[in-house]
Amino acid sequence: MKQSEIISLSAAELQEKLSESRKTYADLKTTHTISPIQNPLQIRATRRTIARIETELSKRELQ
């Protein structure tokens, strides 16, 4: 998910995406622990998406 897409979402939508991304991240980590996944870079991309969403949420709280 790109930064421009994250900025255009509302706070409620960001919270929704954040919980969805965290669940995806946990699933990827569990799957990768059991047996290697096809594309392990998905884990990095998901983790970075979570960070982008959290950054946007905290930026909005400060304003």
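Before we start, one term: when I say two parts pack against each other or are in contact, I mean that they have heavy atoms within 4.5 Å. And please keep in mind that this is a predicted model.

Let's begin with helix α3. Its buried residues pack against α1 and α2. Which residues of α3 are buried? They are I43, T46, T49, I50, I53, E56 and L57. These residues lie on the same side of α3, because they cover an arc of only 155° around the axis.

With 22 residues at 1.5 Å a residue, α3 should span 32 Å, and its end C-alpha atoms are 32 Å apart, so the two agree.

Now for the core. Which residues make up the largest nonpolar core? There are 7 of them: I6, L9, L14, L18, I50, I53 and L57. Both α2, residues 11-34, and α3, residues 41-62, supply at least two residues each. The largest share, 3 residues, comes from α3. As general background, nonpolar side chains in soluble globular proteins tend to be buried together.

Setting aside neighbours within four places in sequence, what does L18 touch? L18 is in contact with I50, I53, E54 and L57.

Finally, let's visit K2, in the segment before α1, which runs over 3-7. Is K2 buried or exposed? K2 counts as exposed because its relative accessibility is 59%, and the cut-off for exposed is over 50%. K2 and R47 are 45 residues apart in sequence, and their C-alpha atoms are 13 Å apart in space.

Terms used
Residues numbered from 1 in each chain as written. Predicted model: local features only at pLDDT ≥ 70, side-chain atom pairs only at ≥ 80, totals over all residues. Heavy atoms only, no water. Core = buried A, V, L, I, M, F, W, Y, C linked by side-chain atoms within 4.5 Å. Buried < 20%, exposed > 50% of the residue type's maximum accessible area, 1.4 Å probe, protein only. Helix = DSSP H or I, 4+ residues; strand = E, 2+ residues; numbered from the N terminus. Expected span 1.5 Å × (residues − 1). Arc of directions from axis to C-beta.
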